[in-house]
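The following exercises concern the protein shown below.

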Amino acid sequence: MSVDSGSTSMAARLGIKPGMVVQELGWDEDVDEDLRDSVVELSGGDMVDEDSDEVADAVLLWWREDDGDLIDALVDAIASLAEDGVVWLLVPKSGRPGHVEPGDVTEAAPTAGLQQTSSISAAKDWSGIRLVTPKAARSRR
């Protein structure tokens, strides 16, 4: 299936570039397939899962309110993240089943060693929260 340029721009908004290794965590039947397809098309390769040994340039973490401990999930998300990589926490938009309160992310991210930099509308039913390791933490690695 060919993804049109409008769909490809979905991945571009996430900063996905050709040749990037993108890891996907938290997949379930409710994820946005157009966003997934656009990431695969723009990166030029299939996304890798949690069992991959590859270093990821970006991690897409699909997360819902009842998925468990967000801190643990974020720690797992950065386990194979490149030093300058980014985690996109994808959560259902307000009013959608599984919506995650912004305060939950604000509390969990620093505990997991991440800081929130921006939020976007990633797809029809999903918001994207961009998380990175603080620069101070990067320089100590």
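**Exercise 1: The sheet**

Strand 2 and strand 3 (residues 81-92) run parallel to each other and are paired over 6 bridges. The model in which this pairing is found is a predicted one.

Task. Determine which residue of strand 3 stands opposite Ala56, and in what order the strands of the sheet are arranged.

Solution. 
Step 1. The residue opposite Ala56 is Leu81, in strand 3.
Step 2. The sheet is open, and its 5 strands follow the order 1-2-3-5-4. Its pairing is mixed.
Step 3. Strand 1 (22-25) and strand 4 (115-123) are the edge strands, since each pairs on one side only.
Step 4. On average, and with direction ignored, neighbouring strands of this sheet are turned by 20 degrees against each other.

**Exercise 2: The buried side of helix 3**

Task. State which residues of helix 3 (residues 70-78) are buried, and explain why they lie on the same side of the helix.

Solution. 
Step 1. The buried residues of helix 3 are Leu70, Ala73, Leu74, Ala77 and Ile78.
Step 2. These residues cover an arc of only 130 degrees around the axis, and therefore they lie on the same side of helix 3.
Step 3. The cover over the buried residues of helix 3 includes strand 1, strand 2, strand 3, helix 4 (102-111) and strand 5 (126-132).
Step 4. At the start of helix 3, the backbone nitrogen of Ile71 has a side-chain oxygen of Asp69 within 2.9 Å.

**Exercise 3: A serine in a loop**

Task. Locate Ser52 and decide whether Ser52 is buried or exposed.

Solution. 
Step 1. Ser52 belongs to the loop that lies between helix 2 (33-43) and strand 2 (56-62).
Step 2. A residue counts as buried if its relative accessible area is under 20%. The relative accessible area of Ser52 is 18%, so Ser52 is buried.
Step 3. A polar atom of the Ser52 side chain lies 3.0 Å from the backbone nitrogen of Glu54.

**Exercise 4: The whole protein**

Task. Describe how many helices and strands the protein has, and what share of its residues is buried.

Solution. 
Step 1. There are 5 helices and 5 strands in the protein. Read from the N terminus, the elements run α-β-α-β-α-β-α-β-β-α.
Step 2. Of the 141 residues in the protein, 45% are buried.
Step 3. Among contacts with a separation of 6 or more, 73% join residues 24 or more positions apart.
Step 4. The protein has an accessible surface of about 7400 Å², and carbon and sulfur atoms account for 47% of that surface.

Technical notes
Residues are numbered from 1 along each chain as its sequence is written. This is a predicted model: local features need pLDDT of at least 70, side-chain atom pairs count only at pLDDT 80 or more; totals for chains, interfaces and linings use all residues. Side-chain values use heavy atoms; hydrogens and water are left out. Helices (H or I, at least four residues) and strands (E, at least two) are DSSP runs, numbered from the N terminus. Buried means under 20% relative accessible area, exposed over 50%, partly exposed in between (1.4 Å probe, protein chains only). A polar contact is a pair of N or O atoms within 3.5 Å; within protein, one must be able to donate a hydrogen and the other to accept it, and residues adjacent in sequence count only if both atoms are side-chain atoms. Two strands pair if DSSP finds at least two bridges between them. Axes are lines fitted to C-alpha atoms, for helices over the stretch in contact, and angles run from 0 to 180 degrees between N-to-C directions. The arc is that of the directions from the helix axis to the C-beta atoms. Contact means heavy atoms within 4.5 Å. Accessible areas come from the Shrake-Rupley method with a 1.4 Å probe; for residues, only the protein chains shown count as cover.
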